[in-house]
Amino acid sequence: MNWHQRDIIDIYEILKSSEGGITSEEAVRRLHEYGPNELKETKKKTVLMMFLDQFKDFMIMVLIAAAAVSGIIGELIDTIAIVVIVVLNAIIGFVQEYRAEKAMKALKEMAAPVALTLRDGDRVSITASELVPGDVVLLEAGKIVPADIRLTESAQLKIEEAALTGESIPVEKSVNPLHEESISLGDRKNLAYKGTIVSYGRGMGMVVATGMKTELGRIATLLQEEEEVKTPLQKRLAKCGQRRGITVLAICAIVFITGLMRGEAPLLMFLTAISLAVAAIPEALPAVVTISLALGAKKMVKQNALVRKLPAVETLGSVTYICSDKTGTLTLNKMTVEEIFVNGEIVSSGKLIVKNEEKRFNMDPLPTLFHALALSNDAVPDKDDNVLGDPTEIALYEIAVKNGFNKETLEKEFPRIAEIPFDSDRKCMTTFHEAGARRAVPLQGGNIVSFTKGATENILDNSSAILTKDGVVELDDKIRRDIADASERMAEDGLRTLAFSYRNWSSLPSEMTHGSVESGLTFIGVAGLMDPPREEAKEAVQICKTAGIKPVMITGDHPLTARNIARRLGIIDDGDGVITGRELDKLSLEEFEEKVEKIRVYARVAPEQKIKIVKALQDKGEFTAMTGDGVNDAPALKRADIGVAMGITGTDVSKESSHMILLDDNFATIVKAVKEGRRIFDNIRKFIKYTMTSNSGEIWTIFLPPFLGLPIPLLPIHILWINLVTDGLPGLALAVEPAEKGIMNKPPRHPKESIFAHGLGYHLFWVGLLMGSVSVFTQAWFIKSGGTHWQTMVFTVLSLSQMGHVLAIRSEKESLFKLGLFSNKPLLGAVLLTFVLQMGTIYIPVLNPIFRTAPLTAGELLITLALSSVVFIAVEIEKWWFRRK
């Protein structure tokens, strides 16, 4: 039902109601028919089911199986370690999912708890949930609108709809029917929406929709229907875990069968194969990922970014598009006077200069204009010097104060003695002021002056003269065209224009009507206002572009305003266009997907269209971040690969639907988050490179000897020890590795890029093979030379080779010697601790029978250390080669 097109009488008939509302009995009947005025929730999963769902991941299942196997063969330490890691990840996942469920609760809390309505012709206060279509509701300043209402009365009624439509200033409401059928929410001036806030005036209207049938309810439905997508990290790790598990099981089977064919004891080969399986599964990977993300999240809080869902930290590193809401995100969410037209020219507000001797009300138009800005103004400062009032009037008040025209001081000389309030029909407001004893108004005809402000065309039509630097001159057709052109140019730049004029009176007019008062005016000038872009947002947009990320503005605001802000921020160039929600509706999905990657600004869009934009980008293979602060952003925030909400101006609904919250509402903070996300993913790749290369080296060390006529070089206890010690602290210490140089000069990773891209898979193969070959070479050499400590030497070479490797891969290209050993102190400490523990297994007598080791001689130890450095040297040579290329 297009309620905005209906006449009030028609609405009474359709809803079988009247201006006095409905009866109590009818209200009870309708409540049973329509249901309570509440937002309903979909059936939720139980807390237990939420928790158990965390164990469905393939990698987690493999780890649970590995824990069971470790327990069966008596390795309880490994079993406990794996179980702790799995449970920790399950708890973190559960907490994240539980928090997400709060989004609907936040939506419900936005609804007004009580409503003032007419029942049986009397005013009664009822619970908002009891409202039904046909109820007549009274609206007052400060109240939350309790349902979707078609207005029947409006007395200077203004409603704050920024959270629902993105409009940065309160919307002035009217009661007349609108003729256009397809019209955006922000332009339906005769409707008030559930969950919005009355900021000024009062009104009355009839409830036309309740509960889930309201616009707020429609958003709630979208929020329930939108499923969250997995992050790139989750997708990559899931695929990696599956492939790794299958490969490892196959290799273990080969090792077991090969051992039996060589005549090894079946029990020994079974334990060796199982130990190898446990070692080869990177059980520390989930912990390293979690810790990496948690440390990154902790660091980001200090940079004013609060992460609600840990994988989102990394997701920013993959983002190719940032779809940002305009109001409060790219802009200050505060109206500001940007330009002033006076003396026949447009002047930037920052270049206005008023000399002290000119700050008297005189024949100069600029000081006169500032008197009008300050005096014909209802904004007032509170005891803490915070200015209260309509955002537009606050902007006028502040520009006047900035230039030395303080309202409180001026009112002592020009006290207000009468006024005609603003209304939407004439689009004007007039105030009368009496000049003080000093006769500060040097104009002929009396000591009372009226200031009239309003729409430029209205003020111009009612003016007969204009104040210039040469005095008052007649307002001829040429001057009128010049003023109209200037106002139009300001409007094209996205500015909201407001004109000012004055008239001199010998006494207050006896007939205080706008027809008699607001005519014969002397035009002063025009103020151009807008919600300006943040200073730091422009730099952030440029950094995003350098990093290969495309910023897109999606707003419910006017196209002219959107274009101007986007142009000033560098999102679009002068020649680029803006697509509106209405134009978007006319495009088929196929047509839209052909254009979506070229569009940078969307204006006047509805909530479901924001989701359509995000989905279209995702369908084209892009990874999308959506920033926003309003209720209207919530479904798209949830659908996006990462939703970023505003912490100060953001609604609870947007915050609960998001993955990350900007505590300072600053778009520039996203750039820091992107950098942190890229660093974290790089470090996770380094851990994967390290641990899987180590696992590969262990597999080659076990796999190759039987084919060379050598015995299995390592016992199950050796494999599990290497796995426990080397995959532990050194791997975790990689999580704090600083960002590499030029990290923000690279394009985002391709969304479908394998985690083994950029030579990672090749590195795993050749370095793992080298590590295994050095170990097998050590075994063969000392067996041939008659050494009895060959097994201890192989055990130590393999363990310490992994320490050399972890130091070498700290950077993709830079040498360790350039980075410095102390630039990652936790890693250096972990390597030293691992070395000490390894030496303990050799030289502490009580550990020798447990690990089947023997103390090495000084010569054997030196040879072992030399062989252990081969991998480090080889990887450093590889990096040198890359630097040369």
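## A pair of strands to begin with

Val137 stands opposite Gly205 in β7, and this pair belongs to the 5 bridges that join strand β3 (residues 136–140) to strand β7 (residues 197–209), the two strands running antiparallel. Strand β7 also pairs with strand β4 (residues 148–160), again antiparallel, through 10 bridges, and here Asp148 stands opposite Ala209 in β7. Two strands are said to pair if DSSP finds at least two bridges between them.

## The model and the chain as a whole

This is a predicted model, in which local features need pLDDT of at least 70 and side-chain atom pairs count only at pLDDT 80 or more, while totals for chains, interfaces and linings use all residues. Residues are numbered from 1 along each chain as its sequence is written, and side-chain values use heavy atoms, with hydrogens and water left out.

The protein chain contains 36 helices and 26 strands, where helices (H or I, at least four residues) and strands (E, at least two) are DSSP runs numbered from the N terminus. Of its 885 residues, 57% count as buried; buried means under 20% relative accessible area, exposed means over 50%, and partly exposed lies in between, all with a 1.4 Å probe and protein chains only. Among the contacts in the chain with a separation of 6 or more, 73% are between residues 24 or more positions apart, a contact being heavy atoms within 4.5 Å.

## The open sheet

An open sheet is formed by 8 strands in the order β8-β26-β25-β24-β9-β21-β23-β22, and its pairing is mixed. Because β8 (305–307) and β22 (579–580) stand at the edges with a single partner strand each, one side of each is left without a neighbour in the sheet. The partner of β22 is strand β23 (residues 601–603), which pairs with β22 in the parallel sense over 2 bridges, and the bridge partner of Thr580 in β23 is Ala603.

Strand β9 (residues 321–324) is covered on both faces, with Tyr321 and Cys323 buried on one side and Ile322 and Ser324 buried on the other. It runs parallel to β21, to which 4 bridges join it, and Cys323 stands opposite Val552 in β21. Another 4 bridges join β9 to strand β24 (residues 624–628), also parallel, with Ser324 opposite Thr627 in β24. Helix α21 (residues 559–569) lies across β21 (550–554), β22 and β23, running at about 155° to β23; this angle is taken between N-to-C directions on a scale from 0 to 180 degrees, using axes that are lines fitted to C-alpha atoms, for helices over the stretch in contact.

## Cores and the helix α27

A nonpolar core is a set of buried Ala, Val, Leu, Ile, Met, Phe, Trp, Tyr and Cys residues joined through side-chain atoms within 4.5 Å. The largest one has 65 residues, and those with the most contacts inside it are Leu316, Ile571, Met660 and Phe667. Helix α27 (residues 668–703) gives the largest share of this core, 10 residues. Apart from this core lies another, of 46 residues, among them Cys252, Met269, Ala273 and Met803.

Leu316 touches Met300, Ile642, Met660, Ile670, Ala673 and Val674, not counting residues up to four places away in sequence. Helix α27 itself is mostly covered, since 32 of its 36 residues are buried. From its first C-alpha to its last, α27 reaches 52 Å, close to the 52 Å expected at 1.5 Å a residue, the expected span being 1.5 Å times one less than the number of residues.

## The helix α33

The 19 residues of helix α33 (residues 825–843) should span 27 Å at 1.5 Å a residue, and its end C-alpha atoms are 27 Å apart, which agrees. Its buried residues include Leu827, Leu828, Val831 and Ile842, and the elements that cover the buried residues of α33 include α28 (716–726), α29 (729–733), α31 (790–808), α34 (848–851) and α35 (858–868).

## A lysine in a loop, and the cysteines

Lys746 is found in the loop between α29 and α30 (760–784), and with a relative accessible area of 42% Lys746 is partly exposed. Leaving aside neighbours within four places in sequence, Lys746 is in contact with Ala547, Arg678 and Asp682.

A disulfide is a covalent bond between the sulfur atoms of two cysteines. Counted as pairs of cysteine sulfur atoms within 2.5 Å, the disulfides in this model number 0. Cys428 counts as buried because its relative accessibility is 1%, and Cys544 counts as buried at 2%.
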